[in-house]
Amino acid sequence: MDVVSDAISAARIGQPVSNRIRASGSWCTRIPSYDGMGFRVLLEGSCWLLPDDGGAPFALTAGDVVLLPRGSGHLLADSPADGAAVARATPFDVWQEQHALPVTRDRSPGDSPGPAVEMLCGKYHLDRGHAHPLLDEIPDIVHLPRRPGHHPELQAAIDLLGREAGASRCGGDVAVAGLLDLLLVYMVRAWLESSQAATDSAARWPAALSDPVVAQALRHLHEAPEAPWSNEELAARTGVSRATLARRFTPLVGRAPMAYLTWWRMSRAATLLRDSTAPLETVARQVGYSSPYALSHAFTRTFGTTPGRYRTAPPENHTFVDAP
């Protein structure tokens with residue numbers, strides 16, 4: 001596993017949900033903040049997104065994607081809405097029911113005149129207690145406009161989703177679920193690529209994953225967290241000295257290599273406890289601990305609770321005591 005795959009797998013729970021919506025005429029809807037990672041994919045037409053935090057509104061056109069990693073509240077509207085329009089904004093749950101498009105792209109007889117807008121709106125459910133620092137660095141709203149030659153995989157996923165979402169096709173439910181999983185990976189990857197190309201980006205993780213030494217060290221740790229790693233072994237496998245590894249790894253990752261490994265082992269253990277019924281002895285072995293007792297001691301220090309209690313607690317109670 002690589003860092004991005006592991007970060008997404010550790011945090012995401014359940015299946016993503018989405019709805020295909022078509023609207024025309026004059027409209028404005030408010031989406032309150034929510035617990036999850038949201039997305040908007042504009043399939044046809046154009047509209048505006050207005051952040052709740054007072055940030056400048058921005059236009060969306062066909063093929064654009066918006067990622068909302070913390071479910072930030074916002075408005076969607078057919079135009080840059082004024083104060084009166086914002087005050088009259090329809091709650092999203094109501095608006096969604098009014099404009100859901102379950103099967104066909106054709107305009108319904110009751111549609112208002114004017115340019116049609118079609119979009120996919122949805123969200124991924126997250127276990128915030130498993131949030132990797134890479135995901136924490138993503139801004140509250142990421143706009144990924146469609147540009148020729150930019151992020152081709154993301155655009156291919158959007159095109160496929162546009163054909164599959166809401167269509168009555170054999171295997172459509174499986175296809176859409178798989179494409180939504182791909183969409184999340186491609187959105188995060190597109191943000192990383194954009195941040196790596198930006199000279200003014202303050203995010204550390206895009207820089208960490210573009211540094212060949214740090215990226216290789218991270219890949220080793222994520223591929224085999226159970227291995228008996230040491231600074232000497234990791235430096236040798238990465239092809240640099242211990243001093244060079246520490247000098248390049250720690251500022252970008254925010255922790256020294258072995259401290260990061262301990263943190264990731266605990267995160268991996270928490271995921272296994274959450275998503276499987278494997279006995280504690282098996283979990284301990286998979287994350288590099290010699291016994292259930294050794295794992296339990298480290299786990300309790302990290303999460304403030306025993307593995308057994310963690311396994312039965314709801315996800316909202318999953319919180320690192322020693323967070324990165």
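The following legends describe close-up views of a predicted model.

**View 1. An open sheet of 5 strands.** The strands follow one another in the order E5-E4-E7-E2-E8, and their pairing is mixed. In general, the strands of a sheet pair through backbone hydrogen bonds, in either a parallel or an antiparallel manner.

**View 2. The pairing of strands E4 and E5.** Strand E4 (residues 46-51) and strand E5 run antiparallel and are joined by 4 bridges. Within this pairing, Trp 48 has Ala 59 of E5 as its bridge partner.

**View 3. The aromatic pair of Phe 39 and Tyr 124.** The structure contains 10 aromatic pairs. In the pair of Phe 39 and Tyr 124, the ring centres are 5.3 Å apart and the planes stand at 45 degrees, so the pair is tilted. The two residues belong to distant parts of the chain, 85 residues apart: Phe 39 lies in strand E3 (residues 37-44) and Tyr 124 in strand E9 (residues 117-126). Phe 39 has a relative accessibility of 0% and therefore counts as buried. Tyr 124, at 0% relative accessibility, counts as buried.

**View 4. The aromatic pair of Phe 299 and Tyr 310.** The ring centres of Phe 299 and Tyr 310 are 5.1 Å apart, with the planes at 85 degrees, so the pair is edge-to-face. This pair links helix H13 (residues 292-303), which holds Phe 299, to helix H14 (residues 307-312), which holds Tyr 310; the two residues are 11 residues apart. Both Phe 299 and Tyr 310 are buried.

**View 5. A cluster of aromatic rings.** Trp 205, Phe 249, Tyr 260, Trp 263 and Trp 264 are linked into a cluster by ring pairs.

**View 6. Arginine residues over aromatic rings.** Arg 40 places its charged end over the ring of Phe 92, 5.7 Å from the ring centre. Arg 265 lies over the face of Tyr 289, and the distance to the ring centre is 6.0 Å.

**View 7. The crossing of helices H1 and H11.** Helix H1 (residues 3-11) and helix H11 (residues 257-275) have axes that come within 10 Å and cross at roughly 45 degrees. This angle makes H1 oblique to H11. The crossing in which H1 passes H11 is left-handed. Two packed helices are described by the angle between their axes and by the distance between the axes.

Key:
Residues are numbered from 1 along each chain as its sequence is written. This is a predicted model: local features need pLDDT of at least 70, side-chain atom pairs count only at pLDDT 80 or more; totals for chains, interfaces and linings use all residues. Side-chain values use heavy atoms; hydrogens and water are left out. Two strands pair if DSSP finds at least two bridges between them. Rings of Phe, Tyr and Trp (its six-membered ring) pair if their centres lie within 6.5 Å; planes under 30 degrees apart count as stacked, over 60 as edge-to-face and the rest as tilted. Buried means under 20% relative accessible area, exposed over 50%, partly exposed in between (1.4 Å probe, protein chains only). A charge sits over a ring if NZ of Lys or CZ of Arg is within 6 Å of the ring centre and within 35 degrees of the ring normal. Axes are lines fitted to C-alpha atoms, for helices over the stretch in contact, and angles run from 0 to 180 degrees between N-to-C directions. Angles under 35 degrees count as roughly parallel, over 145 as roughly antiparallel, 65 to 115 as roughly perpendicular and the rest as oblique. A crossing is left-handed if the near helix is turned anticlockwise from the far one by less than a right angle, and right-handed if clockwise.
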